[in-house]
Amino acid sequence: MKIKLFLVLLLTWQTIFPQSVNKATEEYFRHNPFKTEFDQFLNKLISDPVLLEKDIKKKTDSTLFYVQGVYKSFSPFFFPANHCKIILSEQQEYTDSLQMEVYTYFVYQLIGYATPGKEGLNDIKEEFEKLNRRFRKGLDVSEQKELKRENEQSGIIVNYTYKDMIFYPLTIAWATTPGNKENIIALTIRFFMLDNKAYLPVPAYSP
């Protein structure tokens with residue numbers, strides 16, 4: 001019953017989700033799931049000739065859908081990324097502690113790899129601050145976690161929400177490995193797919 005009511009709310013709320021998430025998807029991701037039918041989006045993503053090193057796992061009775069690939073000639077970031085990785089994966093969560101009902105959603109992630117060293121580290125930090133300032137204007141910071149290695153900062157993860165959504169619609173993060181050998185910036189968007197359309201989650205108390 002809870003799932004059915006949730007889906008009704010989802011359909012009635014489809015036109016008023018935060019525009020900052022949709023706009024970020026349009027500007028940073030090469031393919032936007034909110035712009036077309038979901039199967040069209042998926043076909044464009046998988047068949048994209050710019051996407052290399054593809055790893056695709058189709059949905060089965062025991063596994064969920066997963067696809068990842070590498071962009072070597074596409075980057076939406078201001079810094080000269082070595083390459084970018086894209087991941088689209090299906091996830092499942094229970095609606096209550098009794099684990100009686102489960103809902104499925106998609107995680108869409110773009111990871112940019114900056115050059116090794118201090119310059120690359122500064123680049124991902126600057127990109128992170130740019131994104132953080134932007135998303136704070138339309139979303140609420142629900143959780144911020146600092147990553148540390150040997151008492152030194154090695155990254156930050158920020159989860160954004162909007163009116164108590166069922167899950168975080170957006171996450172940004174930066175991280176670096178020892179010696180700054182690998183510097184990454186990640187932008188993650190989570191959404192539902194219903195009737196061949198992508199939707200952001202509905203707030204617990206929708207307007």
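1. Let's start with Asn 132, whose side chain makes a polar contact with the side chain of Tyr 160 at 2.4 Å. A polar contact is a pair of N or O atoms within 3.5 Å; within protein, one must be able to donate a hydrogen and the other to accept it, and residues adjacent in sequence count only if both atoms are side-chain atoms. Asn 132 lies in helix H4 and is buried at 7% relative accessibility. (Buried means under 20% relative accessible area, exposed over 50%, partly exposed in between, with a 1.4 Å probe and protein chains only.)

2. A word on the model: it is predicted, so local features need pLDDT of at least 70, side-chain atom pairs count only at pLDDT 80 or more, and totals for chains, interfaces and linings use all residues. Residues are numbered from 1 along each chain as its sequence is written, and side-chain values use heavy atoms, leaving out hydrogens and water.

3. Now for the charged pairs: the whole structure holds seven salt bridges, each a side-chain nitrogen of Lys or Arg within 4 Å of a carboxyl oxygen of Asp or Glu. Among them is Lys 35 with Glu 26, the closest N and O atoms being 3.3 Å apart. Lys 35 is exposed at 58%, while Glu 26 is partly exposed at 39%.

4. Another salt bridge joins Asp 55 and Lys 57 (2.9 Å, N to O). Asp 55 is partly exposed, with a relative accessible area of 29%, and Lys 57 is partly exposed at 42%.

5. Glu 90 and Lys 59 also meet in a salt bridge, at 3.1 Å from N to O. Glu 90 is buried at 9%, whereas Lys 59 is partly exposed at 48%.

Definitions and conventions
Helix = DSSP H or I, 4+ residues; strand = E, 2+ residues; numbered from the N terminus.
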